[in-house]
Amino acid sequence: MKALVKTELGFGHLEIQDKEEPQVGKDQVKIEVIYAGICGSDIHTYEGHYKVGVPVTLGHEFSGKVVEVGEGVTEFKAGDRVTSETTFYICGECEYCKAGDYNLCNHRKGLGTQQDGGFAKYLIARKYSVHHLPDHVDDQSAAMTEPLACTHHAVMKTEINEGDIVVVIGPGPIGLFTAQVAKSQGAKVLITGLTNDKVRLDKARELGIDYAVDTQEKDINELVNSLTNGYGADVVFECSGAAPAAKQGLDLLRKKGQYGQVGIFAQPEVSFDLEKIIQKEIRVVGSRSQKSADWEPSLELMNNGSVNAKAMVTHQFDITQWEEAYQAIKSGKAIKVLLTPVD
Ligand SMILES: [Zn+2]
Ligand SMILES: [Zn+2]
C-alpha cells in the first residue's frame, strides 16, 4: 500500500512509499482509511519544527471502516464505521494513565507521530481507542473528531455559564471548533482574526458564531466592553499561538476571568503580564491535545448538529498530491484540508 512517510527529521523528508499492509494483533483493529485531515502540527512536522518518531506514516485525524479485528476484539466487526483516538500506547501505570489523562502520560505513543498513522490505505489502532460513528456523523466530519476533541478538552478546562461572553482568538480550524463548542455551552461567542483571515472569518459567520471580528478593522476592546457593560470577557481562548494575541487576551478579560491557552507558540517563551493576572485575579489554564473522555461528547456534538465540521472542509486531495495540499494551507486559502488514500 502507499503511505505518506516522514523519513527523517528536519525540513522536508516527506515521501510516498510502498509499505507492507499492517497486520492486526491482539486487541487491535485494522482500519481502512476513508479521510485523513491535515493538522497544523503536520505542517510543523514537515517543516522540521516538530519531532516525530521517524520513519513514520503521518496522519492522526482520520475516519474509516473496520476491515479486520484481532484476537480479543468483540466490540467491532468488519464494515463498522469508525474513528480512533490517537493514543496507541500508554504505560497504563502512571497517575495520569490511572486517571484517564492519557494525553499527559510520559510514555504515550500516538498514531501519526510515533506510530504509523492515517495517510495510508490501512492502519492499526488499539481497540480501546476506537469509536463507532453515530448515524448523523458523515465520514468527512468524523475525520475531524480529533481536533474537535482537542477543543472540547480546552473548553472543559474552563467554566462557562449561560450567556457568558467568550472570545476566541484565531479563526483556524481549532479556533472555529472552540467557538462552536463554547456556543454549545450557552456562551455568546466572538472570534477574532486579522484582515488576511477573511475566508476564515466569513466561515465563522456561516457557522453561526455571534461575532466574527477583523481586529485590524474594528476595535475589539470597544465591542467587548459594549457587550459586557465595560466589565470585559468572561473567558478567552487563545487559539492562534501568536505572542501579541496572548497579551490581547489578558486585556480583554474581566476581573476573575478565565484564560485558556490552546494555540502553540513558535517560541516557547512568551512574555506574559503576570501583574495583570494578579490584579484581575485571572485564572490561566493550558490545554494539551485531548483524552479519551473528550471523544464521545465530541462525536455527539457533531451528531446533534451543535458542531458543523463538514463546512470547514475547503480542499480535498489524495495522499500523492500532498505538495498541493501543503501549498493550499500555506496560501491561507484553505481552512481544513482532507487527504484520501490511494491503492
Ligand atoms: Zn492535530
Ligand atoms: Zn502513563
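**Notes on the predicted model: cores, fold and zinc site**

1. Let's start inside. The largest nonpolar core has 39 residues, and those with the most contacts within it are Ile 160, Val 166, Val 168, Val 189, Ile 191 and Phe 237. Keep in mind that this is a predicted model. Seven elements each give this core at least two residues: helices H4 (145-156), H5 (173-184), H6 (198-206) and H10 (295-303), plus strands E11 (165-169), E12 (188-193) and E14 (233-238). H5 makes the largest contribution, with 5 residues. As a general matter, nonpolar side chains in soluble globular proteins tend to be buried together.

2. Leaving aside residues up to four places away in sequence, Phe 237 touches Ala 154, Val 155, Thr 158, Ile 160, Val 166, Val 167, Val 168, Ile 169, Thr 178, Gly 260 and Val 262.

3. Now the chain as a whole. You'll find 11 helices and 18 strands in it. Its radius of gyration is 20 Å, close to the 20 Å that the globule rule gives for 343 residues, so the chain is as compact as a globular protein of that length. Along its principal axes, the C-alpha trace spans about 60 × 40 × 40 Å.

4. On burial and surface: 54% of the 343 residues count as buried. The chain exposes about 15,500 Å², with carbon and sulfur atoms supplying 46% of that area. Of the contacts between residues at least 6 apart in sequence, 67% join residues at least 24 apart.

5. Which protein atoms hold the zinc ion (ligand 1)? The donors are Cys 39 (SG) and His 60 (NE2), at 2.1 to 2.3 Å from the ion. The two sit 21 residues apart and link distant parts of the chain: Cys 39 is in the loop between strand E3 (28-37) and helix H1 (40-47), while His 60 is in the loop between strand E4 (56-57) and strand E5 (61-69).

6. Cys 39 comes in at 17%, so it counts as buried. His 60 has 7%, so it is buried as well.

7. A word on annotation. The unreviewed UniProt entry carries "domain: Enoyl reductase (ER)" over residues 10-339. In the model, that span is 28% helix and 26% strand, and its end C-alpha atoms lie 23 Å apart.

Conventions:
Residues numbered from 1 in each chain as written. Chains lettered and ligands numbered in written order. Predicted model: local features only at pLDDT ≥ 70, side-chain atom pairs only at ≥ 80, totals over all residues. Heavy atoms only, no water. UniProt positions renumbered as here; feature names shortened; annotations may be inferred. Helix = DSSP H or I, 4+ residues; strand = E, 2+ residues; numbered from the N terminus. Donors = N, O, S within 2.8 Å, 3.2 Å for Na, K, Ca; no water. Buried < 20%, exposed > 50% of the residue type's maximum accessible area, 1.4 Å probe, protein only. Rg over C-alpha atoms; globule rule 2.2 N^0.38 Å. Contact = heavy atoms within 4.5 Å. Areas by Shrake-Rupley, 256 points an atom, 1.4 Å probe, with all protein chains shown as cover. Core = buried A, V, L, I, M, F, W, Y, C linked by side-chain atoms within 4.5 Å.
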